[in-house]
Every structure is written in structure tokens, then in C-alpha cells.
Amino acid sequence: MAEEHRTSLGAPIPPSAEEPEERSGTTALPIPVPERGATETMRALLPAIEPERRLNDWGRSERIEGLFDRTLLEFFYRYWFRVEVEGIENVPFDSGALLVSNHAGALPPDAAMIAKAIREEHPNPRPLYLTVEHFFKGYPGFSMLIPKIGGVAAHPANVHRLLCDERQLVLVFPEGRKGTEKLYRDRYRLRRFGRGGFVEAAMRAEAQLVPTCVVGAEEAMPVFGQVDLLRRLTGLIYFPITPTFPWLGPLGMLSYLPAKFRIRFLEPIDTVELGGAEAVEDKALVQTLAQEIRAQIQESLHEMLARRKSVWLG
Amino acid sequence: MRMSQELSGALAGLAAPRDGQTRRVLVTGLSTYWGSRLAQALESFEHIEAIIGVDTRAPTRELERTEFVKVSNQHSLLQRIVRAAEIDTVIDTRLVVNSLMAPPRVAHENNVIGTMNILAACTGSDSPVRKFIFKSSTHYYGSEWDDPAFFTEEMRRPHPPHSALERDIVEAEQAVSEFAERNRDVTVAVLRFANVLGPDVDTAFTRMFRLPLVPMVLGFDPRLQFVHEDDVVHALEHAAFHVTPGVYNVSADGVLALSEIIDLLGKRPLPVLPPWGTGLFAGPLRRLGFRIPDEVVNQLRFGRGVDNRLLKATGFRFGYTTRETVLKLGEHLRLAPVIRGVEQTYTYEREVEEFLRWSPYVRREHPGERGGVAADREPLGI
């Protein structure tokens with residue numbers, strides 16, 4: 001179900017733009033929409049932050065996030081995965097940026113660890129928005145929790161608003177589900193990077209792209225197989241077999257092996273220099289850039305793996 | 001500092017009235033809450049010469065100089081009124097946006113057929129109408145699991161409509177957009193209003209928030225956005241003078257999670273609605289006196305947020321944020337048992353109204369005094 005509706009991050013106004021007219025029930029002739037003002041003007045018109053509120057407009061809750069941060073994440077970050085961070089200076093101080101990372105593990109710990117790394121190591125501990133599958137918004141429980149801890153559905157409009165209007169940090173996994181579904185034997189082999197949508201999103205928002213490499217997540221929760229029948233029965237997006245799941249039930253989803261984590265942020269890529277929002281139409285440029293980023297991450301991963309002496313001790 | 005000055009300069013430029021020519025206004029749906037509130041607000045503008053209101057029922061609010069014409073949705077009759085009164089601005093406030101308010105067939109008749117008739121009445125090469133303002137709803141966008149967090153005006157509905165009401169709204173907007181296409185010299189503005197909250201309006205959400213325990217769908221905490229009833233009237237009035245053609249979302253600043261709203265109201269959440277088949281479960285609840293309209297069922301799971309910056313760019317400022325709207329409602333709900341029955345109701349009597357308006361024996365204030373009303377029209381309407 002999620003598969004048909006998946007949208008590439010870059011498409012301008014999806015999903016309507018991609019879908020055939022008759023599906024939406026409206027045919028042609030949209031009422032004209034007034035011109036949007038300059039980015040600066042529109043930024044000034046964003047709703048003011050109300051300090052009395054406990055959630056922000058995305059549904060993010062500092063309280064719940066802080067609670068996780070102080071307990072579970074602190075434990076995993078410091079003692080379980082013993083995360084080491086390189087190149088934190090490559091994460092911009094206050095402008096909008098799209099972090100592009102490799103992705104692995106049945107319930108991937110990488111996103112949470114990257115967010116925690118920025119909170120711990122960055123001179124300006126900024127919040128990081130994690131793009132997640134639309135699936136989560138439709139699934140009870142997840143739907144409640146994910147936005148509270150900084151998850152945002154990977155809709156191009158959401159990413160654009162965060163990057164361009166609000167100038168936030170956004171984390172995207174271009175491999176998407178192909179990354180989390182892959183088996184242990186394919187570890188650290190990057191899957192296809194979508195359709196380059198993430199590059200388009202960053203270019204349209206004129207935000208920087210920061211390639212990010214994570215080593216350790218693949219071993220923290222190795223996936224040995226996928227059971228299609230059980231996936232269909234449970235309505236989950238996939239049903240993996242890991243050392244602990246499904247044997248320990250839902251708890252098994254959270255039991256990671258204590259692999260040593262290394263996170264490396266690579267040199268940011270300035271999309272303005274490449275032509276910014278006007279160059280989005282240049283599909284060749286977009287594809288080349290996507291390929292280049294993928295190659296950079298892959299190369300850097302290989303280098304990190306070559307230097308790693310032990311999976312558990314680093 | 002400099003930049004902020006430039007910015008406010010740019011904003012002021014956007015806010016400048018484009019058209020001071022609004023003089024003779026037709027308000028359709030005068031007897032709806034919005035129609036009468038709007039007419040009351042327009043009465044205070046001295047430069048508006050004529051305010052004509054049409055509806056099938058008598059108005060429910062006292063109007064000073066608005067002319068009420070009781071007329072069905074027949075376009076030939078409406079057309080005669082439009083031409084005879086040389087109407088330059090039509091403000092259509094008729095749309096039914098709550099399926100509990102009218103049975104589906106009545107709602108369809110009103111929302112689709114009614115809109116077509118009013119549009120037909122404004123069409124024609126010799127039509128005096130220069131501006132058409134249509135009150136629509138953000139139900140146009142629907143509410144789905146793969147929606148963006150903020151709908152912007154250029155987005156079209158991503159999924160086919162779920163309920164009859166949503167289908168009607170989409171169809172009505174379609175008719176308006178065709179009208180805009182064919183009559184390029186008419187300024188057509190569509191205002192999509194978010195769910196309204198306020199002491200005087202009766203919507204599915206105000207009913208829900210009146211309960212001591214507010215039902216929630218298990219495992220979901222939707223993001224919701226509201227607009228205060230006063231801001232609705234202000235926005236319609238603003239559109240009559242300032243707005244350039246196009247679609248605008250009208251929704252207060254701030255998107256709140258349902259749990260946050262319940263907290264602000266000082267109520268308790270009751271997560272009892274099952275996440276699947278919420279619609280089916282609504283049956284037994286209905287017997288208990290709590291009805292969830294079809295168009296709101298999905299909103300209780302997935303919520304909806306819209307971007308309101310296009311309207312703000314035209315110079316409009318909301319009086320309340322979503323949070324303040326909810327707080328206001330909370331105050332009202334606490335006060336309601338105390339002031340119940342105090343507010344008096346108004347009944348329209350044609351003879352009395354005609355006497356008050358046209359009899360030479362009625363002492364009228366000096367015509368100049370009207371300006372005073374316009375000057376300090378801080379509390380709009382009532």
C-alpha cells in the first residue's frame with residue numbers, strides 16, 4: 001500500500017501532480033493561485049512561536065524528546081554504541097541543510113544517533129527533523145509518537161518548508177525502505193538513491209547538502225530475512241527476522257547489539273553555487289549530483305570500514 | 001533593522017487596497033450565521049451604498065440597513081436582483097460545511113446547484129458584477145495519511161473525496177473556477193476556511209469539546225488548526241476590499257495537537273475510538289448523542305494543517321492564533337452554564353423591518369453619524 005503512493009522528495013506539488021486527473025475528482029482549470037512573494041517576505045509571515053506551547057506546529061514536543069534524550073538515547077549514545085563523531089563542523093551553524101545518510105537496521109538507530117550527535121557535539125545544538133515514511137502517520141501509536149520526537153513525513157512540501165522557510169536541519173535517507181529491508185549479507189552496500197528527489201528538494205530550497213556516513217548500524221540489528229506473509233498479515237511495512245525479532249515481540253525491535261558507532265559528516269555541498277532553484281529542471285545535473293553524493297558516502301564508508309579493527313570495539 | 005523596514009514596506013505594498021470600488025454588495029446566504037455577521041460588518045462602511053442579502057429563510061440577526069430579499073436559488077430571479085441593484089460585488093457565504101447541519105441531498109442542492117445558480121446569475125456580457133468572493137472550506141483538501149503537514153493553496157486534493165460533503169465542496173469550487181476562467185474581468189477569490197471555533201458557532205468540534213471527556217482515536221494525536229469565528233467575518237470583509245484574485249487558506253496561526261487542545265480546554269482525553277473502522281463505531285456513539293460527521297472522521301486520525309501566508313501577504317492579520325481561539329472557547333464553555341438563556345433571540349418581521357427602514361415617521365440619526373460607527377468598529381458585528 002505504501003509503495004504505490006511513494007513520492008520522490010523532489011516532485012513539485014505531489015501527490016496531486018503525479019496522479020492522473022480523474023483520481024482527484026477535479027479536472028483541469030484550477031483557480032489561479034496568487035503569486036507567492038519573495039522567500040524573505042514569506043519567511044516573515046510564518047506564524048510566530050508561542051512560548052507557552054509545549055509542541056511546535058509540526059507536533060514536536062521538547063518535553064517528550066528531552067525525556068527520550070536523557071534516558072534511552074543517552075544510554076545508547078554513550079554506553080551502548082559509544083558513538084564517535086567526525087566532521088561535526090560540516091553541519092551548518094544556522095542555515096537550512098539536508099543531511100543525506102546511509103540507512104540500515106530493521107528499526108534503524110542511525111537517525112536517532114545522528115540527531116543526538118548534533119545535540120551533543122555541535123556548537124549550536126540544533127534540532128534535527130527526521131524524514132519518515134508516510135506509513136507511520138497512518139499507523140496507530142507510531143502516528144502519535146513519531147511527530148513528538150521530531151519525525152516528519154517525507155513529503156516534498158514538508159521538506160521544502162523545513163529547509164527553505166524555517167531553515168532547519170533535515171535528515172533524509174535516500175535509500176528509503178530499500179535500505180532497511182536489505183539483508184545482513186548486503187551490509188554497507190548502498191542501494192539506489194531514489195530518483196534524486198532529495199537533491200531537487202535541497203536545490204529548490206537553496207539549502208546545503210551534507211553527506212553523512214554511519215558505520216555500526218548494520219551490525220546493531222542485522223536482518224537475516226524478510227517474511228512476506230507475516231508482513232501482509234500484520235500490515236507492517238516489512239517483517240524482518242533479526243536476532244531478537246520476532247522472538248521477543250515488539251521489545252525485540254529495540255534490542256540492538258552493541259556495535260561501535262562512527263558518524264562522519266562530509267564536506268557540505270552548496271546548491272546555490274550549482275545554480276540553486278533555477279537549476280532544478282536540469283535533470284542531468286540532479287542525477288549527477290545524486291550519483292556523486294552516493295559515491296562519496298560509499299567511498300567514505302569503505303575507508304571507515306577498512307580502518308575498523310573490530311565491529312564491537314571499533 | 002533596515003531589512004525589517006524594507007520588509008514591512010514590501011508587506012504594506014502587498015496590503016494596499018487594489019480596489020476601492022466595492023459599493024453595492026450582494027450577500028448570499030444572509031440567514032446563515034456568516035451571512036448575517038458579514039452584513040452587519042459591512043453596514044458600518046459608509047462608502048458601501050447598498051447591501052442586499054438573499055436567502056430562502058428569514059435572517060436571524062438584526063440588520064440595520066441590509067435589504068433582505070427572500071428568494072430561492074433560481075438563477076433567473078437572482079439575475080434580476082443583481083442587474084436591478086447593479087451589484088458589483090457578490091459574497092457567497094452559503095456553503096454548508098458540516099454534514100450534520102443538513103441532510104446530504106439538501107446540502108448537495110445548496111452547495112452544488114446553488115453555487116451554479118448564483119454563478120449563472122453573475123454571468124453575461126452586461127453583468128455588473130466585478131468581484132465574486134466564495135466561502136469554501138479546507139475540507140476541500142481532505143485528510144489522509146500521506147498528506148503534507150501544511151497544505152498550500154496550489155495543492156489539489158490528493159485523494160478522491162470520501163464523503164458526499166467533500167465531493168460537493170470540490171464540485172462547487174470547480175464551478176467557481178470555471179466561472180473565473182470564463183469571466184476574466186471578474187475578480188474571483190476563494191477563501192478556504194479551516195474548522196471554525198467560537199462561542200456562537202455549532203460545529204462537530206465545538207460539540208466534541210463541550211463533552212467532559214473528549215473522545216480521541218486510539219493511538220492517534222492529530223494536528224488540528226482552527227480559525228476564530230470573528231476572524232472568519234474579518235477575512236470575508238477583508239476579501240471584499242483588498243484581495244487579488246485567487247485561492248486563499250484562512251486558518252489561524254499555529255497547528256495544535258488534539259491532546260494539546262484538550263489540555264488547554266482543561267478537559268480529559270478519552271481515547272476510545274478504535275483506530276480502524278472509526279466510521280462504523282460512530283453508530284453506537286450516535287445513539288449516545290454524539291455524532292461525528294463523515295468529513296471529520298479522518299481528521300480525528302490524520303488531522304490537517306494549512307499554510308495561511310498568502311492571505312497574510314494581502315495585509316490580513318488574524319485576531320487570534322489557534323491556541324488563543326481554543327482558550328477563548330474554553331472560557332466560553334466554562335461561562336456557558338451561567339449565562340444560559342440570557343441572550344435574546346431575534347425574529348425577523350417583514351412589516352416591522354419595512355416600517356423601520358422606509359417610514360417617514362421613524363427618526364433616523366444624522367447621516368454623518370454613520371462614519372463614527374465605521375471609525376471605532378473594533379468589536380465587529382455584535
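## Chain B at a glance

Of the 382 residues of chain B, 48% count as buried (20 or more other C-beta atoms within 10 Å of a residue's own, with C-beta atoms placed from the backbone). This is a predicted model, where local features need pLDDT of at least 70 and side-chain atom pairs count only at pLDDT 80 or more, while totals for chains, interfaces and linings use all residues. Residues are numbered from 1 along each chain as its sequence is written, with chains lettered from A and ligands numbered from 1 in the order in which they are written.

Seven strands of chain B make an open sheet, ordered β3-β2-β1-β4-β5-β6-β11, with parallel pairing (strands pair if DSSP finds at least two bridges between them). At the edges sit β3 (67–70) and β11 (246–250) of chain B, each pairing on one side only.

Inside the sheet, β4 (residues 89–92) of chain B is joined by four bridges to β5 (residues 131–137) of chain B. One to look up: Val90(B) has Phe132(B) in β5(B) as its bridge partner.

## Two helices side by side

Helix α5 (residues 164–182) of chain B packs with helix α4 (residues 104–122) of chain B at about 5 degrees, their axes 9 Å apart (axes are lines fitted to C-alpha atoms, for helices over the stretch in contact, and angles between N-to-C directions run from 0 to 180 degrees). So α4(B) and α5(B) are roughly parallel, the word for angles under 35 degrees.

Among the α4(B) residues that meet α5(B) are His108(B), Val112(B) and Leu119(B). The residues of this contact split into twelve nonpolar, three polar and two charged (nonpolar: Ala, Val, Leu, Ile, Met, Phe, Trp, Tyr, Cys and Pro; charged: Asp, Glu, Lys and Arg; polar: the others, Gly among them).

## Where A touches B

Across the chains, 43 residues of chain A are in contact with 52 residues of chain B (contact means C-beta atoms, placed from the backbone, within 7 Å). The largest share of chain A's side, four residues, comes from α3(A).

Mean pLDDT for chain A is 84, with 90% of its residues at 70 or more (pLDDT is the predictor's confidence in each residue, from 0 to 100). Residues 1–29 of chain A stay under 50. Where pLDDT is low, the predicted coordinates should not be read in detail.

Technical notes. Angles under 35 degrees count as roughly parallel, over 145 as roughly antiparallel, 65 to 115 as roughly perpendicular and the rest as oblique. Two residues are in contact if their C-beta atoms, placed from the backbone, lie within 7 Å. A residue is buried if 20 or more other C-beta atoms lie within 10 Å of its own, exposed if 12 or fewer, and partly exposed in between; C-beta atoms are placed from the backbone.
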